[in-house]
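User: I would like to learn how to read a sheet in a protein model. Where should I start?

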Amino acid sequence: MAIINQATKELQVKIVYYGPGKGGKTTNLEQVHANVKDVKEKGKLVSLATSSDRTLFFDFLPIEAMAIKGFKTKFQLYTVPGQVIYNTTRQLVLRGVDGIVFVADSQYDKMAENVESFQNLEENLISQKLNLAQIPYVLQYNKRDLPNVAPVEYMEFLLNNREVQAPSFGSAAAKCEGVFETLNMITRLLLNKFINESGRKTA
Amino acid sequence: MAGLPQLIDEDIQCLDGALGDLLERSEATAALIIDKGGPLICQRGDLERYDTTTIAALAAGSFCATQAIAERCGEINFSSIYQQGDHTSILCRNIDDNLLLIVLFRAALSVGAIKYYGDSAADLIATQLQKAQQRDPGQTVDLVSMNVLDAADVFRKGT
């Protein structure tokens, strides 16, 4: 749940990048950190990683951007460790999540891992008494620049085949393609949600 | 799990006062109130020395991870973690279901005193948060006037 501090006119939102191991979640944050411009404040990218550069706990990138007039809007971007054994850690990182970017690996041989990770996301949200219908999320089909990738239509069928479809983007995060499009879309969905809730409650 | 209530001036003044009092009595260097999801809510003290946004995110993760370990060892009462440093020590203490109190203090100070004064501060903060929770659960910020189209390009890529 986003933290709205009326006294200091501050809105803090938490966006979690989720997905299978080696799918490109950390790369997304690295590219945002390296390439974002015109933001009010950009913090350090903190990575809690193993000696082989696999995410152990999470990566964390705080950014303050001008999203709402008169409000400081602080975005906290997190990744989860993708490896199956770190499920308890993923549950901890999901605490207080406002929006999710699911980073899927487009390579054919990763489809089973994508589906398993997406199911794991749904289960972990349920364990936090949340569900995907309540939380804005965006799908990112990463590594489109590699050979042997599955067609986007096939990935849509596997991961986005539901009544209300989530926005999806093809990407090549290592080349910073699709990274900002994805981040701006989840931001837009989140702000829309706050406005709708605000409208309902103040009406 | 009820979320953190929205905070108004009265709440922030109380939280700020509780942290100021804690620092004055304990001689600690800095004190933070953070959400267990990672965001920083309120802070006081010598803040220039620390990246408190990152400390908040890491402390929340550390506390929740240690609590999860303790639960797996059959420990259900878990209230704090303490890092004894050579120069700076850190105490993370539970406030309520949502919040943690983080105190950074010189290693030469007694952790017993920090815990003692931290307990009083945490009780005061928890009471104020309960008041905030009960005040008006439906109260929210009016964001309706905002044009979301303006937010289509919040993050821009450098060339």
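Analyst: Start with pairing: two strands pair if DSSP finds at least two bridges between them. The model here is predicted. In chain B, five strands form an open sheet in the order β2-β1-β5-β4-β3, and the pairing is antiparallel.

User: Why is one side of β2 and of β3 in chain B left without a neighbour in the sheet?

Analyst: β2 (40-45) and β3 (80-83) of chain B are at the edges and have a single partner strand each, so one side of each has no neighbour in the sheet. From one strand to the next, the twist averages 10 degrees.

User: How many bridges join β1 to β5 in chain B?

Analyst: Six bridges link β1 (residues 30-35) and β5 (residues 99-106) of chain B, and these strands run antiparallel. B:Leu32 has B:Ile102 of β5(B) opposite.

User: Which strands does helix α1 of chain B touch?

Analyst: Helix α1 (residues 9-26) of chain B packs on the sheet and touches β1, β2 and β5 of chain B. Its direction is at about 40 degrees to that of β2(B). Helix α3 (residues 111-135) of chain B also packs on the sheet, where it touches β1, β3, β4 (88-94) and β5 of chain B. The direction of α3 makes about 150 degrees with that of β5(B).

User: What is the average pLDDT of chain B?

Analyst: Chain B has an average pLDDT of 89, and 87% of its residues score at least 70. For the model, ipTM is 0.84 and pTM is 0.90.

Notes: Residues numbered from 1 in each chain as written. Chains lettered and ligands numbered in written order. Predicted model: local features only at pLDDT ≥ 70, side-chain atom pairs only at ≥ 80, totals over all residues. Helix = DSSP H or I, 4+ residues; strand = E, 2+ residues; numbered from the N terminus. Axes fitted to C-alpha atoms, helices over the stretch in contact; angles between N-to-C directions. Contact = placed C-beta atoms within 7 Å. pLDDT = per-residue confidence, 0-100.
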